[in-house]
Amino acid sequence: MTSNLLWLTPLLPLVLGLTMLLVRDRRVLAALDVGGSVAVLGLALAIARRVGETGPVSALGVLRADDVAVVFLLLVGLLAAVVSIATVGWMRDAVARGEMREDRLHYYHALVNGFVATMLVTVLADNLGILWIAMEGTTITSALLVGFHGDKHGLEAAWKYIIVTTIGISFGLFGTVLVYGAAAHAQGGVFEGAMNWSSIVAVATKLDPGIIRIGFIFVVVGYGTKAGLAPVHMWLPDAHSQAPTPVSALLSGALIKCALFGIIRFHTIASGACGPAFSQNLLLVFGLISVVVATPFILVQHDLKRLLGYHSVEHVGIIALGLGFGGVVGTYGALLHVINHGVTKALVFLVAGDAIGRYGTRDMRDMKGFLAIAPLAGTLLLMGAFSLAGTPPFSIFVSELLVIKAGLASGRFASVAVFLVMVVIIFAGLVHHVGQMVFGTAPASADRARESRTQLLGMAALAAVMVLLGLWIPLPLDRLLTHATEIILG
Amino acid sequence: MTAEFATRLIDLLGALLLFTMLVILASGRLFRSIYAVAAQAVFLGIAGAVLGAATGNVDLWIIAGVTIVVKAILLPWLLLRVVRKIQIRREIEPVFPINGTLVVAAGIVVLAFHLTASLGPVRQAITGNALPVGIALILMGVLVMATRRKALVQMVGLFASENGIFFTAMAVSQGMPLIIEIGVILDVVLGALVMGILVLRVRSSVNDADIADLEGLKG
Amino acid sequence: MDATAQIGRTLAQAALLLVLGPLVTGFIQKLKARLQCRRGASVLQPYRDLAKLLRKDTVQSNSASPFFRAIPVLVLAATLTTTAMLPVLWVPAPAAAPLGDAILLLALLALARFLLAIGALDAGGAFGGMGASREMTVGLLVEPALMMAVFSVAVAGGTTNLGELAARRLTLPALAWQAPDLLALFAVLILAIAETGRIPVDNPDTHLELTMLHEGMLLEHSGRGLACIALATHVKQLVILSLVAALFFPPGLARGLGAGELALACGAFAAKVLLLATFLGVVESSYAKLRLFRVPQFLGIGLVCAFLALALRVL
């Protein structure tokens, strides 16, 4: 029964997406979209429940859900559902403003559903080849979404996105091939299952460390490109700023986490084969570079969505730092940060989309008095921004604290110091930018209409999760994360 | 076919792949790059057939056939079609002197061979020099993409890179599972189609610009 | 083997290459003509040109020094000497160890190039100087690359003596090629185009000032001097082709002096040279001359291939 759920979950949005190609009516499309994604969230919860009760489930020999997968599965499911709810209102406004053409909406919805389906396959894959194929599938579907507006900048961003991530991802494939070769060798020349993560981990200690090292470097560079780790992040701010807002939310909230999922899978293998130090150090270096590189760009940024894009680079860096510091606390913190950042970033992107619609610009210097013209959304933006900057009582504070704690415990004081300095600078920069935008008097041209209900509903749901996780981690989630941490640490 | 003979043939095919890669790197003309990458795919197909004959694995024959059909015929045809449709200048303007690129390429190959020479017994699981040749091809493909400002040449570099991966993947003892290999090729084709669409759309919407030349997004 | 026989063989071989050199040029010209749908001159045309030149008086620029007269003879001598190191029909080379090896062969070719360039400068003509400077630029890329390619094969054989090298390769099974051999072959084929002064590097048919390299250096020579240099050019072309054949396609070389064996060796030699000459002719017909600043790019492929051939052999 549960094993059927595994392949039904990605199949549902895929079939739905294909069906949508035949539908022309906006309302029907929206209903299908919301219904489908809520159903996906339901399926994800069912899988999570089952995994929590009876342990890992696998299906078809290539799909497998363990606790690590469930963490990411829940995130993708939640964001898909919330974003599709918020899309309803956003889409109506966007069509009214002429940003989206009504006769092309079915393509948009079909692509988004295909995108979600590929992400679901990514996190449910046990076979590392399937993981790669699905990851490349996310690139193909989302590249078309990034360039969906069809203007010069959108197409430029889409081109940069597809070319950089495809070449990056092909590094990941090469790493996969090397790990496969090593696993087949370690299994004594047996190829059956040598590409399945679960069976590779079983022989991890027997893998040849030399080749795994090369393979892991290729994987980190490859999937790291997709995850937006600096210095291979150059596509990220462009794609995040040019994509339609709901797509930006999915890219930043879910997609780059899926790429991290790939890295985490190989991290476990590499830790088993050549000891944890090698992969931890590599992730630590990438994490630190990401945090440091993102900081100056955040300070000087005026484009709201680019600002959020660079924030994603910073937070992916923090997750990599958590994995790099290692230990139970660091890994737990990294996983918690995956959820927290996904939820918060999606929230902020949705609010930002609303604000951009109201002011007709993405330049934060021309956006003033957001709180006055949209009190609810303004409040949510403030909350989201403070959470992103890492202030209590919001959720990101908790996970960042855990990462720092792990860093101190592992004795890497210099890395922690650099990290703290950067976080403080980013805090100042972000508060400056958002304060400028939220307070003051709004220009007369700004749209003062009430927020649409569906958009508010989506944002409020995310904000609730964000605040809740800041105050209290529910027991099932804690158990899930603890199990996942155990699996990652082997 | 004995394993030793197959290893020798794979080594020779690896040398051919490296040579075609150098031709792509040094080429000043778009057509020549496209033909060279098609030739690479043919060599790749031959490598698949050789390995198939050596290991008796039928999957490898299928993969070899699919590789030749897709990477030696379909993708070059797609590229040539786009070239004809947008009628771009055929000369490639490098952003970095070609001779400098060639020197870097030589360094890459030496590095790849040096790196893998130190590997232990697992080298036995990979036929011949397929591992260093694969690494070298991937990195040289990136080099092509980094040093050329033309969308189609960047695609050629990408395909060449992927050829390197396929070469290594085939030589990993018996090749990857068929289903995975087919999925990967499907992704490659779809990705190429999307890239073609993007190139054509930029051509029609932004007067005659090359997509790789756009530099509106910065900072 | 006694010294007299050895000298006899060496001289016979030199004479063979000297006589056949113009024929190869004639063959390539004829092939090109046919590929361009022309009837073309007879394959014997180069001999007729030489004969005509030999009958003519020599005219010399006023600014040229006496040394200028010696240049053509020296160039021809240097080029002819290289034939002594090549296994053309027999292995080991007619003159085994004492006469020299691949390094000396390459050095003599470089010496001939140097003399030619010096001569061109000596005459003081503008085109001569230009041709000389271009020729040396190309030489700068070709010579080290050729050396690396030859060394790559030499490292595998454990000797730089071309005769012994060919003999060792003969004992290997037919398909004993390794990856570096293939790369070295590609390198040598690319470099052979430059060394024989053919399109796309140089154009042997033209005297158009802006495109020529080699021909530019010959402008000031005339009569018998020009005949010597032209002959040297023909011989050098054949030497390069024989070098490629000896390094990469040794099968067919005779070990003894039996009539049957010798006939076979002659046939094999003719076939190899014809094949390589066809390659040159086809390349020349299918490509356009490269602009001068594109030439280093083209030769760069050869240089990198040769470097890799050597590096992979050592690694």
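## A first look at one crossing

In which sense, left-handed or right-handed, does α5(C) pass α7(C)? In this predicted model, the crossing of α5(C) with α7(C) is left-handed, and the sections below place that pair of helices among the other features of the three chains.

## Chain A as a whole

Chain A is built from 19 helices and two strands. Its radius of gyration is 21 Å, close to the 23 Å that the globule rule gives for 490 residues, so chain A is as compact as a globular protein of that length. The C-alpha trace of chain A spans about 70 × 55 × 45 Å along its principal axes.

Of the 490 residues in chain A, 65% are buried. When contacts in chain A with a separation of 6 or more are considered, 81% of them are between residues 24 or more positions apart.

## Two packed helices in chain A

Two packed helices are described by the angle between their axes and the distance between the axes. In chain A, helix α13 (residues 327-359) and helix α15 (residues 375-389) pack at an angle of about 140°, and their axes are 9 Å apart. That angle makes α13(A) oblique to α15(A), since an angle has to be over 145 degrees to count as roughly antiparallel. The crossing of α13(A) and α15(A) is left-handed.

On the side of α13(A), the residues that meet α15(A) are A:Thr344, A:Leu347, A:Val348, A:Val351 and A:Asp354. Their partners in α15(A) are A:Ala377, A:Leu380, A:Leu381, A:Gly384, A:Ala385, A:Ser387 and A:Leu388. Sorted by class, this contact of α13(A) with α15(A) has eight nonpolar, three polar and one charged residues.

## Chain B as a whole

Along its principal axes, the C-alpha trace of chain B spans about 55 × 35 × 30 Å.

Buried residues account for 58% of the 219 residues in chain B. Among the contacts in chain B between residues at least 6 apart in sequence, 76% join residues that are at least 24 apart.

## How the chains meet

Two pairs of chains touch, and the pair with the most contacts is chains A and B. The contact between them takes 37 residues from chain A and 43 residues from chain B. On the side of chain A that touches chain B, the elements that give two or more residues are α5 (128-146), α6 (152-186) and α8 (209-227) of chain A, and the largest share, 21 residues, comes from α6(A). By class, this side of chain A has 22 nonpolar, ten polar and five charged residues.

Chain B also meets chain C, with 22 residues of chain B in contact with 18 residues of chain C. On the side of chain B that touches chain C, α1 (3-26) and α4 (98-117) of chain B each supply at least two residues, and the residues of that side divide into 16 nonpolar, five polar and one charged. Chain A and chain C, by contrast, do not touch, and their nearest C-alpha atoms are 18 Å apart.

## Two helix pairs in chain C

The opening question concerned helix α5 (residues 126-157) and helix α7 (residues 179-195) of chain C, whose axes come within 9 Å and cross at roughly 150°. These helices, α5(C) and α7(C), are therefore roughly antiparallel to each other. Among the residues of α5(C) that meet α7(C) are C:Val138, C:Val142 and C:Leu146, while those in α7(C) include C:Pro180, C:Ala184 and C:Leu191. The contact of α5(C) with α7(C) has twelve nonpolar, one polar and two charged residues.

In a second pair, the axes of helix α1 (residues 3-35) and helix α9 (residues 223-248) of chain C come within 8 Å and cross at roughly 90°. It follows that α1(C) and α9(C) are roughly perpendicular to each other. The contact involves residues including C:Leu17, C:Gly21 and C:Pro22 of α1(C) and C:Leu231, C:His234 and C:Leu238 of α9(C). By class, the contact of α1(C) with α9(C) has nine nonpolar, four polar and no charged residues.

Conventions
Residues numbered from 1 in each chain as written. Chains lettered and ligands numbered in written order. Predicted model: local features only at pLDDT ≥ 70, side-chain atom pairs only at ≥ 80, totals over all residues. Axes fitted to C-alpha atoms, helices over the stretch in contact; angles between N-to-C directions. Helix = DSSP H or I, 4+ residues; strand = E, 2+ residues; numbered from the N terminus. Parallel < 35°, antiparallel > 145°, perpendicular 65-115°, else oblique. Left-handed = near helix turned anticlockwise from the far one by under 90°. Contact = placed C-beta atoms within 7 Å. Nonpolar A, V, L, I, M, F, W, Y, C, P; charged D, E, K, R; others polar. Buried ≥ 20, exposed ≤ 12 C-beta atoms within 10 Å, placed from the backbone. Rg over C-alpha atoms; globule rule 2.2 N^0.38 Å.
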